[in-house]
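Let's take a walk through this model, starting with the overall picture and ending up at the ligand.

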Amino acid sequence: MMECPFDSKDSDHLVDGALLNFSNEMSYGDYLNLNGLLNSQKLLSMNHNEMLFIIQHQTSELWMKLILHELNETVHCISNDQLCEALKMLSRVCKVMSQLVQSWDVLSSMTPSEYSKFRPALANSSGFQSFQYRRIEFILGNKNLIMIKPYFHFKDWFDQLQATLNKPSLYDETLRLLSRNGLQIPDSYLNRDWTQPYAPSDQVERAWLQIYQSPETYWDLYELGEKLTDLEDLFRTWRFRHVTTVERVIGFKRGTGGTSGVGYLKKKLDVVLFPELWTVRTHL
Ligand code: HEM
């Protein structure tokens with residue numbers, strides 16, 4: 001063990017009373033496991049800019065972890081009619097999404113010349129294989145069985161993703177809530193094969209119309225509708241900023257994950273999570 005250069009215990013509180021000796025106390029770094037966290041950036045190239053690339057992805061994954069934490073609880077609260085709690089958590093999810101949207105500004109400081117120097121080190125790895133991103137998509141209702149295949153080699157993630165695929169999404173639980181509040185939702189939307197993607201329904205649109213035409217009668221549900229719209233709005237912005245950053249960094253090269261790259265990501269801009277919340281606006 002290193003010898004302490006400070007000879008007296010009196011020096012333990014010398015900075016405005018702050019504790020300075022952590023040999024027998026939990027410190028900030030202990031609590032946050034900073035040694036593990038700050039040693040998780042393993043650069044595979046000698047290139048300076050790879051650090052930005054790794055930290056950008058790792059911080060995004062950390063924020064996604066929080067989004068999942070909040071969304072899982074939100075779905076649970078909605079299924080238990082705890083709408084105030086759900087709205088509070090959705091607000092936090094939106095703030096985190098805004099943070100993720102903003103973070104593209106940092107990555108877009110990387111030029112194609114810089115990225116191409118370390119890109120070969122990535123081999124076939126790609127955000128396409130982000131387990132947490134797929135889980136968020138599934139919770140938000142963008143279900144697609146084939147997307148769990150990349151995790152077949154890692155049972156824990158595979159099982160978690162399959163469990164999320166099998167459960168009602170945030171929007172499915174929202175429609176059940178609408179039904180419990182007297183709105184007409186078709187039975188086939190209250191109980192269905194949850195692994196299947198959501199298909200828009202005129203009757204669901206009419207239920208939202210009823211809510212949006214009388215906000216004062218359905219204030220909580222109206223607020224929920226707007227909060228979900230905020231969330232999808234931000235998600236779309238994230239996708240747009242991603243594809244734009246990708247285009248400025250790799251142009252129209254294929255992705256390391258094997259897709260057409262920008263072409264693939266542009267198609268994802270058409271994904272709609274809560275369709276009737278958008279179409280209802282035409283009738284107001
Ligand atoms: C210079 C930086 C980046 C480039 C060039 C890039 C490129 C790509 C490309 C080409 C794809 C399509 C799949 C493939 O063939 O690889 C993709 C997918 C994806 N990327 Fe990125 N990406 C970058 C940064 C990021 C960051 C910072 C994140 C944050 C986690 C991220 C998350 C994702 C996700 C989640 C997908 C899957 C999208 C979907 O399937 O809908 N990417 N990326």
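**From the whole chain to the ligand**

Of the contacts in the protein with a separation of 6 or more, 66% join residues 24 or more positions apart. Keep in mind that you're looking at a predicted model. As for secondary structure, there are 14 helices and zero strands, so the pattern along the sequence is simply one α after another, α-α-α-α-α-α-α-α-α-α-α-α-α-α. Along the principal axes, the C-alpha atoms fill a box of roughly 75 × 50 × 35 Å, and 20% of the 284 residues count as buried.

Now zoom in on a pair of helices. Helix H11, residues 202-213, packs against H12 at an angle of about 115°, and their axes are 9 Å apart. Angles of 65 to 115 degrees count as roughly perpendicular, which is why H11 is described as roughly perpendicular to H12. The crossing is left-handed. On the H11 side, the contact is made by Trp208, Ile211 and Tyr212, while H12 brings in Leu221, Tyr222 and Gly225. Sorted by class, that contact has five nonpolar residues, one polar and no charged ones.

H12 turns up again at the ligand. Which helix gives the largest share of the shell there? That's H12, with five residues. Helix H3 (50-79), helix H12 (219-250) and helix H13 (262-268) each supply at least two. There are 24 residues around the ligand, and Ser126, Gly127, Gly255, Gly257 and Thr259 come nearest. By class, the shell divides into 14 polar residues, nine nonpolar and one charged.

How values were computed:
Residues numbered from 1 in each chain as written. Predicted model: local features only at pLDDT ≥ 70, side-chain atom pairs only at ≥ 80, totals over all residues. Near = placed C-beta within 6 Å. Helix = DSSP H or I, 4+ residues; strand = E, 2+ residues; numbered from the N terminus. Nonpolar A, V, L, I, M, F, W, Y, C, P; charged D, E, K, R; others polar. Axes fitted to C-alpha atoms, helices over the stretch in contact; angles between N-to-C directions. Parallel < 35°, antiparallel > 145°, perpendicular 65-115°, else oblique. Left-handed = near helix turned anticlockwise from the far one by under 90°. Contact = placed C-beta atoms within 7 Å. Buried ≥ 20, exposed ≤ 12 C-beta atoms within 10 Å, placed from the backbone.
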